[in-house]
Amino acid sequence: NMKKFFLSLVVIISGLFFTFYGCNKGSGDEILIGEFGSLSGSEATFGISSTNGLKLAVEEMNNSGGLLNKKIKLITYDDQGKPSEAQTVVQRLIKNDNVVAVIGEVASSRSKAGAPICQQNKIPMITPASTNPEVTAIGDYIFRVCFIDPFQATVVSKFIINTLKLKRVAILKDVKNAYSTGLSDFFEKEFKTMGGEIVEIQSFQAGDKDFKAQLTSIKAKNPEAIFIPAYYTDVNLISIQAREIGITVPLIGSDGWESEKLTEGKAKDALEGCFFSTHVSTENPDPAIQNFITKYKAKYNSMPDAMSFLAYDAGMILFDAMKRAGTTDPEKVKNELAKTKDYNGVTGKISINEQRNAIKPAVILEIKGGQFKYKETVAP
Ligand code: PHE
């Protein structure tokens with residue numbers, strides 16, 4: 001009986017200990033990582049693809065013994081595709097959940113909303129896919145594993161001038177979106193430098209449903225192609241309406257086009273033979289890419305897209321930095337992240353430069369029968 005008494009005492013005390021010290025701080029044998037993404041809203045595929053990729057990275061680490069003798073626990077919040085909600089959930093991750101690092105977002109405007117909170121609280125943040133240069137300029141705790149938009153603008157300009165051999169281009173941009181306005185500006189400058197001509201610039205706001213006025217003004221200027229640096233939900237509608245008013249020239253896009261939803265419905269035909277730049281091609285025979293596709297398909301029964309690959313890499317370089325630091329202490333992890341050099345990711349070799357960006361090649365994909373076909377790679 002005495003034995004039983006002491007045994008229950010031990011159980012009760014350790015239970016109390018666990019409740020008070022454990023749960024809040026991630027129980028001491030867990031490493032808490034936060035993630036924010038658009039799991040719903042008009043960019044839902046960005047959030048879903050990236051969290052799927054990141055979960056794979058976490059699962060793999062945990063299955064191979066964890067990290068620093070602990071298991072990684074991922075806490076993911078949906079920001080519904082809204083910058084204000086992104087701020088709220090990043091705050092919650094840091095203040096309530098006590099995460100030691102944050103992964104996210106895909107969209108630059110939401111990364112720009114969350115990053116200042118990470119910076120102020122000195123919590124490292126890695127965006128897998130935000131390409132606007134201003135994101136990592138927010139501070140020394142903010143990193144990315146993808147290329148930036150001045151490069152993407154060069155890639156698209158070169159492709160239009162050298163491969164398509166076209167010179168007269170119109171731009172249609174989303175003025176409510178930092179990524180779109182930034183990329184539009186970089187493109188305008190680069191395209192002109194390469195000898196191209198911008199014949200018209202029109203704008204819309206994400207969520208608009210009728211683009212006919214803008215498209216009519218563009219059509220009147222007779223461009224040979226239209227560059228649309230925007231997200232897939234809007235581009236889907238724009239492409240359909242462009243064809244309806246008789247625009248036949250190719251529409252050219254950027255990584256924001258990447259979603260299986262881009263070519264849904266009538267857009268499948270409207271976008272036939274169009275092109276966009278992005279981060280990876282699933283047709284790339286590179287074993288790192290093909291192995292990732294196999295693992296991803298086995299777990300989710302769907303194909304990964306650029307964000308899945310990039311979020312997996314974002315997770316992996318974070319874990320690698322923690323391993324090298326030998327701790328999850330945010331300042332030390334930030335210092336190790338900054339030293340990341342030639343990390344072999346599924347999206348290629350990742351080195352973090354002085355501006356906390358990664359220098360990577362881009363690919364151009366062609367839309368054929370609603371599918372994204374590899375066209376060419378453009379080196380940095
Ligand atoms: N680069 C885009 C942005 O900064 C996000 C994105 C990346 C979208 C990759 C699709 C694929 O907003």
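How many nonpolar, polar and charged residues are in the lining of the largest pocket? I started there and got 7 nonpolar, 10 polar and 5 charged. My classes count Ala, Val, Leu, Ile, Met, Phe, Trp, Tyr, Cys and Pro as nonpolar, Asp, Glu, Lys and Arg as charged, and the others, Gly among them, as polar.

**Ground rules**

I am working on a predicted model, where local features need pLDDT of at least 70, side-chain atom pairs count only at pLDDT 80 or more, and totals for chains, interfaces and linings use all residues. Residues are numbered from 1 along each chain as its sequence is written, and side-chain values use heavy atoms, with hydrogens and water left out.

**Entry: largest pocket**

I put the volume of the largest pocket at about 560 Å³. Of its 22 lining residues, E260, M303, P304, D305 and F372 are the closest to the centre. Two elements give two or more residues to this lining, α2 (44–63) and β14 (371–378). The top contributor is α2, with 4 residues.

My note on terms: I use a 1 Å grid over the protein atoms alone; a pocket is an open set of points with protein on both sides within 12 Å along at least five of seven lines, a cavity is a set where a 1.4 Å probe fits but cannot get out, and lining residues have an atom within 4 Å of a point. Points are joined across faces, edges and corners, and a volume is the space filled by probe spheres set on them. Helices (H or I, at least four residues) and strands (E, at least two) are DSSP runs, numbered from the N terminus.

**Entry: second largest pocket**

This one comes to about 270 Å³. I count 21 lining residues, with N284, I289, T347, G348 and P361 nearest the centre. At least two residues each come from α11 (287–300), β11 (343–345), β12 (348–350) and β13 (362–368). By class, the lining has 10 nonpolar, 8 polar and 3 charged residues.

**Entry: cavities**

I found 2 cavities of 30 Å³ or more. The largest cavity holds about 140 Å³ of space. Its lining is 16 residues, and F46, V106, A129, D255 and G256 lie nearest the centre. They split into 8 nonpolar, 6 polar and 2 charged.

The second largest cavity has about 40 Å³. Its lining consists of E35, F36, G37, S50, I103, G104, E105, V106 and P128. Strand β1 (residues 30–37) gives the most here, with 3 residues. By class I get 4 nonpolar, 3 polar and 2 charged.

**Entry: the ligand**

Where does the ligand sit? I find it in the largest cavity, by the test that more than half of its atoms lie within 2 Å of the grid points. Its shell has 13 residues, the closest being S108, A129, T131, Y231 and D255; I call a residue near if one of its heavy atoms lies within 4 Å. The shell divides into 7 nonpolar, 5 polar and 1 charged.

I then looked up polar contacts, meaning pairs of N or O atoms within 3.5 Å (within protein, one must be able to donate a hydrogen and the other to accept it, and residues adjacent in sequence count only if both atoms are side-chain atoms). A backbone N or O atom of A129 is 2.9 Å from a ligand nitrogen. The side chain of T131 has an N or O atom 2.7 Å from a nitrogen of the ligand. For Y231, a side-chain N or O atom lies 2.5 Å from a ligand oxygen. The protein covers 100% of the 330 Å² of accessible area that the ligand has on its own (Shrake-Rupley method, 1.4 Å probe; for residues, only the protein chains shown count as cover).

Most residues other than glycine have a negative phi, and most peptide bonds are trans. The bond from G104 to E105 is cis, with omega near -10°. I place E105 in the loop between β3 (101–103) and α4 (108–120). N98 has a positive phi, near 55°, and lies in the loop between α3 (83–95) and β3.
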